[in-house]
Amino acid sequence: MPTYAYACTTCDHRFDAVQSFSDASLTVCPECGGSLRKQYGSIGVTFNGSGFYRTDSRSGSGTKSDASASSKSESSTSTTPAPAPAPAST
C-alpha cells in the first residue's frame with residue numbers, strides 16, 4: 001500500500017498516511033481540524049543502459065549527443081534481424 005504525504009493548510013502540520021488506492025483522501029487535520037492537501041514529491045527515476053538518450057523524445061532539427069555515438073561504437077552486434085528462411089516446397 002502506498003504512503004501519502006499530507007500538509008494542513010491552517011497549521012502547516014505535516015504527516016504521512018498509509019492508504020490503499022481505493023481509500024478516500026484525508027481532508028481533516030488531526031491536530032487543528034483544518035483542511036488538508038496532498039503533497040506530491042519528485043520521483044527519483046534513472047534510466048541507465050543503452051537505448052535511453054536525452055534526445056530520444058525531442059523532435060525537430062538538431063544533432064544527437066556524443067552519448068548516442070559512443071554507445072553505437074561499443075555495440076558490436078547488428079540490430080537488424082536475420083531474414084526468415086524460405087518455406088519448403090513440396
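The model is a predicted one, in which local features need pLDDT of at least 70 and side-chain atom pairs count only at pLDDT 80 or more, while totals for chains, interfaces and linings use all residues. Residues are numbered from 1 along each chain as its sequence is written, and side-chain values use heavy atoms, with hydrogens and water left out.

**Around Y4**

I listed the contacts of Y4, taking contact as heavy atoms within 4.5 Å, and left out residues up to four places away in sequence; Y4 then touches F15, D16, A17, Q19, F21 and K38. The charged end of K38 sits over the ring of Y4, 4.1 Å from the ring centre; for this, NZ of Lys or CZ of Arg must be within 6 Å of the ring centre and within 35 degrees of the ring normal. I also checked Y40, which is 36 residues from Y4 along the chain, and found their C-alpha atoms separated by 8.3 Å.

**The sheet**

I traced an open sheet of three strands in the order β2-β1-β3, with antiparallel pairing, where two strands pair if DSSP finds at least two bridges between them. Strands β2 and β3 stand at the edges with a single partner strand each, so one side of each has no neighbour in the sheet. Neighbouring strands are turned against each other by 40 degrees on average, direction ignored; the axes are lines fitted to C-alpha atoms, for helices over the stretch in contact, and angles run from 0 to 180 degrees between N-to-C directions.

I then followed the bridges: five join β1 (residues 3-8) to β2 (residues 14-18), and four join β1 to β3 (residues 36-39). A7 has R14 as its bridge partner in β2 and R37 as its bridge partner in β3.

**The hairpin loop**

Between β1 and β2 the hairpin has five residues, and I placed D12 in this loop. D12 is not a glycine, yet its phi is positive at about 65 degrees. With a relative accessible area of 45%, D12 is partly exposed; I call a residue buried under 20%, exposed over 50% and partly exposed in between, using a 1.4 Å probe and protein chains only.

**Aromatic rings**

My search of the whole structure gave one aromatic pair. The ring centres of Y6 and F15 are 5.8 Å apart and the planes are at 25 degrees, so I noted the pair as stacked; rings of Phe, Tyr and Trp (its six-membered ring) pair with centres within 6.5 Å, and planes under 30 degrees apart count as stacked, over 60 as edge-to-face and the rest as tilted. Y6 itself is buried, at 2% relative accessible area.

**Cysteines**

I searched the whole structure for disulfides and found zero, with a disulfide taken as a pair of cysteine sulfur atoms within 2.5 Å. The sulfur of C8 has its closest cysteine sulfur in C32, at 3.6 Å, which is too far for a bond. For C11 the closest cysteine sulfur is also in C32, at 3.6 Å, again too far for a bond. I noted C8 as buried at 3% relative accessibility, and C11 as partly exposed with a relative accessible area of 37%.

Key:
Helices (H or I, at least four residues) and strands (E, at least two) are DSSP runs, numbered from the N terminus.
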